[in-house]
Structure formats: structure tokens, C-alpha cells
Amino acid sequence: MSYINLSENLVPLTISKLMQMKLEGQKITSLTAYDASFAALFDRVGIEIILVGDSLGNVIQGHTSTIPVTIRDMAYHTECVARSVRRAFIIGDLPFASYTSVAQAVQSSTALMQAGAQMVKMEGGSHLQEMIKVLTDHGIPVCGHLGLTPQSVNTLGGFKVQGKTADAAKKILEDALALEAAGAQLLVLEAIPSSLGAQITEALTIPTIGIGAGPDCSGQVLVMHDALGAFPGRKPKFVKDFLATTGTIEKAIALYIEEVKKGAFPAPEHCFISN
């Protein structure tokens, strides 16, 4: 295992560099972080993307979903992360009901960008096209999120794998193409069959970041607590505890990076299949 020494590599990552990594077949590594200490450690070890996720509602605030998280919460945690990051690319989650209109989306995204995010992430499909176009016109880069979208857990009927049928898979692919056409520059794919993750990644120019979406995505992301074996409740299928065999957090993150780069994670036991 090895990690990046920031004294030797202080060039901040950009969306252009992430695009180049996809073109060159280099896997992109990402983890969530919510505070300065963990963000600094992940940055030092060599994580390329730090996602300040609304998953903080579950792992920090103790809620059963992400729905109670506010834009004020997200801005606060984004500020904490941004103060300690020197190289990694920072994405801030737009929380539930913070982008119900174009005007609100601009206002909420501005708050996260001013807090230190370099891109905002929003959940949803083709209905977000106009919103994404306006945000990018205002200089706000956008990351989409398809598949299992936690903010829609009540309409989805729970935390369930998405895109398992042919019709459902077709809809997610169509949404992915629509988001890219609207100007999204990155796409998170969550809890979908590996074959669909591969199909979408092949169809898009922009990088895809998988979480339970198979090994063929452009990169992988995990909630930091899941990667360190600190998940509350039942362990999700797509999670691996990297701390269990390494002994220290720094070595665990280095192993996560190594396995993603080599294509060893996610392994078949972490993946979903179609019906």
C-alpha cells in the first residue's frame, strides 16, 4: 500500500483532471467526509474526490434518513472540510427540498460553493435538465445522482436496488444521458446492477462514480463510516470494512484506494445483478 505525499503533489484536482482520468482508464477514488480532521487525512492519503454528503443525517446526526438535513447543515460541514483540503476535489450535496425550483437551486448551490465546494450534487433524472443548465450557466458545476436516491426513499418504498428490470434500466440510462446533455459533469450511480453501471459508463463521456453499481464505473465512493466498519445497523451489500485487516485508518484508506485502482473493489460479492 502507498499514499500520496502532499509535499510532493500539491496540484489541486479539477473536473478536467477527473475527465482525463476517465479517458485514460484510471479509476477515481472518493469517500465522504464531514469534518476537517478526516478530510485532511483522506486528502493526504490520496483520495481524489471528497463528497460532503447529506449522509451526515444518518452517520453524524443519527437520523434514519437524509431527509432532515438542511442546507445550513451542509454549508457548515462543507466549510469544515474545505478548510483542511489542499488537493482533493470537493463536492457538496444539495439536501432534500433545497432545490424545488430553479431560483432555490441557485441560492442553495451558491451557499455550498461559497462554503468551499467545487461542485454540487443533486438527486433526480431528466426533470432536472433546466435546473442543471441554469446552474452551469451561473458557473456552478453539477454532479447528478441516479439509481437509489436516498432523498426519495419514501416514494421508492425503502432502500431498494433500482434498475433491475429492462424498463427500469432503460429509464435510468435515458436519465443519465439527459443529465449529461444538460451539462452535468459527473454522475453518481447508486445500488443498480453491475451490468447497468457498465452500460451507462460506456454511454457517457462524463465520469461515473459507483456505490453499489459495479466495478466498471469510472470510480467508486463509499460513506467513510462504512469503509471503516462503523456503519450503524445492517451492513449494506456493497460495503467493505477496510479497517478490519489494516489496523489504522490511514492504512485502511490506502488499501481502499489501492483496491479501487486495481479493480479489486468492488468484488462480485459487493455487486447487484438484474432480474
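Me: Which hand is the crossing of H2 and H11?
Reply: Right-handed. Bear in mind that this is a predicted model.

Me: OK. What angle and axis distance go with H2 and H11?
Reply: The axes cross at roughly 50° and come within 10 Å. H2 covers residues 36–45. H11 covers residues 249–262.

Me: Parallel or oblique, then?
Reply: Oblique. Roughly parallel would need an angle under 35 degrees.

Me: Which residues meet there, H2 against H11?
Reply: H2 brings Phe-38, Leu-41, Phe-42, Arg-44 and Val-45. H11 brings Ile-249, Glu-250, Ile-253, Ala-254 and Ile-257.

Me: How many nonpolar, polar and charged in that contact of H2 with H11?
Reply: There are 8 nonpolar and 2 charged residues, with no polar ones.

Me: Switching to the core. How many residues are in the largest nonpolar core?
Reply: It has 85 residues. The members touching the most others are Phe-42, Ile-50, Met-122, Leu-187, Ile-200, Ile-253 and Tyr-256.

Me: Next pair. What about the axes of H8 and H9?
Reply: They cross at roughly 25° and come within 10 Å. That makes H8 roughly parallel to H9. The crossing is right-handed. H9 is residues 194–203, and H8 is residues 166–182.

Me: Which side chains of H8 and H9 meet?
Reply: From H8, Ala-169, Ile-172, Leu-173, Ala-176 and Leu-177. From H9, Leu-196, Gln-199, Ile-200 and Ala-203. Ile-200 is also among the core members that touch the most others.

Me: And how do the residues of that H8 and H9 contact divide by class?
Reply: Into 8 nonpolar and 1 polar, with no charged residue.

Me: What angle does H8 make with H6?
Reply: About 30°, with the axes 8 Å apart. H6 is residues 129–137. The two helices are therefore roughly parallel, and their crossing is right-handed.

Me: Which residues make the H6 and H8 contact?
Reply: Gln-129, Ile-132, Lys-133 and Thr-136 on H6. Ala-178, Leu-179 and Ala-182 on H8. By class, the contact has 4 nonpolar, 2 polar and 1 charged.

Me: New topic: Ser-108. Buried or exposed?
Reply: Buried. Its relative accessibility is 6%, and the cut-off for buried is under 20%.

Me: Where is Ser-108?
Reply: In helix H5, residues 102–115. Beyond neighbours within four places in sequence, Ser-108 is in contact with Ile-71, Leu-94 and Ser-98.

Me: Last one, His-270. Where is it?
Reply: In the segment after H11.

Me: Is His-270 buried or exposed?
Reply: Buried, with a relative accessible area of 8%.

Me: What is His-270 in contact with, setting aside its neighbours within four places?
Reply: Lys-237, Phe-238, Val-239, Lys-240 and Phe-265.

Key
Residues are numbered from 1 along each chain as its sequence is written. This is a predicted model: local features need pLDDT of at least 70, side-chain atom pairs count only at pLDDT 80 or more; totals for chains, interfaces and linings use all residues. Side-chain values use heavy atoms; hydrogens and water are left out. Axes are lines fitted to C-alpha atoms, for helices over the stretch in contact, and angles run from 0 to 180 degrees between N-to-C directions. Helices (H or I, at least four residues) and strands (E, at least two) are DSSP runs, numbered from the N terminus. Angles under 35 degrees count as roughly parallel, over 145 as roughly antiparallel, 65 to 115 as roughly perpendicular and the rest as oblique. A crossing is left-handed if the near helix is turned anticlockwise from the far one by less than a right angle, and right-handed if clockwise. Contact means heavy atoms within 4.5 Å. Ala, Val, Leu, Ile, Met, Phe, Trp, Tyr, Cys and Pro count as nonpolar, Asp, Glu, Lys and Arg as charged, and the others, Gly among them, as polar. A nonpolar core is a set of buried Ala, Val, Leu, Ile, Met, Phe, Trp, Tyr and Cys residues joined through side-chain atoms within 4.5 Å. Buried means under 20% relative accessible area, exposed over 50%, partly exposed in between (1.4 Å probe, protein chains only).
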